[in-house]
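Me: I would like to go through some labels given to this model and see what each one rests on. Please set the values against the cut-offs.

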Amino acid sequence: MRFLLMLYAEEKAGAAIPPEQMAKAMEGMYAYQQALEKAGAFISTSALGMTQDARTLRMDGGEVKNIDGAFINQGGTLKVEEGPYAEAREQFGGLFVIECEDMDAAVKWAARCPAAQWGPIEIRPIMNTISANEAPWCAEGGSVTEE
């Protein structure tokens with residue numbers, strides 16, 4: 001099974017950390033990635049930019065209808081908002097995609113992540129993946145071969 005580990009932290013606190021201390025913290029994150037790789041559990045990782053640079057798209061008004069299998073908002077207006085939708089103490093700052101036996105194993109891997117020392121880690125099962133870099137993957141049967 002594949003799992004998404006969503007790493008949360010306080011952006012303002014992280015921005016105040018001196019660069020040499022941040023570099024040490026990132027060394028720990030790299031060591032964690034290497035441990036995942038060695039165990040065959042590593043799929044990918046990404047660090048996200050600051051929330052002040054984010055945009056949120058939101059449909060305002062209208063009614064969502066299912067038309068020929070597609071969900072369509074009729075009468076609404078798509079708006080772009082600066083930043084994230086809600087103010088939160090912690091922000092979604094990065095992620096790991098891992099592959100392991102089950103949720104218990106994913107929780108054990110998340111507990112080993114250095115980011116668990118400074119913020120919560122939300123763990124969710126991944127149901128399917130479509131990527132430009134690998135074959136489609138589905139939780140029901142693993143890799144999918146194209147016919």
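This is a predicted model: local features need pLDDT of at least 70, side-chain atom pairs count only at pLDDT 80 or more; totals for chains, interfaces and linings use all residues.

Me: Why is Cys113 called buried?

Reply: Buried means under 20% relative accessible area. Cys113 has 1% relative accessibility, so Cys113 counts as buried. Cys100 has a relative accessible area of 12%, so Cys100 is buried too.

Me: What makes the pair of Tyr32 and Trp109 edge-to-face?

Reply: Ring centres must lie within 6.5 Å to pair, and planes over 60 degrees apart count as edge-to-face. The centres of these two rings are 6.3 Å apart and the planes stand at 65°, so the pair of Tyr32 and Trp109 is edge-to-face. Tyr32 is in helix 2 and Trp109 in helix 3, so the pair ties together parts 77 residues apart in sequence. Tyr32, at 4% relative accessibility, counts as buried, and Trp109, with a relative accessible area of 12%, is buried.

Me: Which parts does the pair of Phe42 and Phe96 tie together?

Reply: Phe42 and Phe96 form an edge-to-face pair, 6.5 Å centre to centre with 75° between the planes. Phe42 lies in strand 2 (residues 42–47) and Phe96 in strand 7 (residues 91–99), so the pair ties together parts 54 residues apart in sequence. Tyr32, Phe42, Phe96 and Trp109 form one aromatic cluster.

Me: Why is Phe42 called partly exposed?

Reply: Partly exposed lies between the 20% limit for buried and the 50% limit for exposed. Phe42 has 22% relative accessibility, so Phe42 counts as partly exposed. Phe96, at 3%, counts as buried.

Me: Why is Leu57 called exposed?

Reply: Exposed means over 50% relative accessible area. Leu57 has 56% relative accessibility, so Leu57 counts as exposed. Strand 3 (55–60) and strand 6 (77–82) each supply at least two residues of the patch.

Me: Is Trp137 buried or exposed, and why?

Reply: The limit for buried is under 20%. Trp137 has 5% relative accessibility, so Trp137 counts as buried. Trp137 is found in strand 10 (residues 137–138).

Methods: Residues are numbered from 1 along each chain as its sequence is written. Side-chain values use heavy atoms; hydrogens and water are left out. Buried means under 20% relative accessible area, exposed over 50%, partly exposed in between (1.4 Å probe, protein chains only). Helices (H or I, at least four residues) and strands (E, at least two) are DSSP runs, numbered from the N terminus. Rings of Phe, Tyr and Trp (its six-membered ring) pair if their centres lie within 6.5 Å; planes under 30 degrees apart count as stacked, over 60 as edge-to-face and the rest as tilted.
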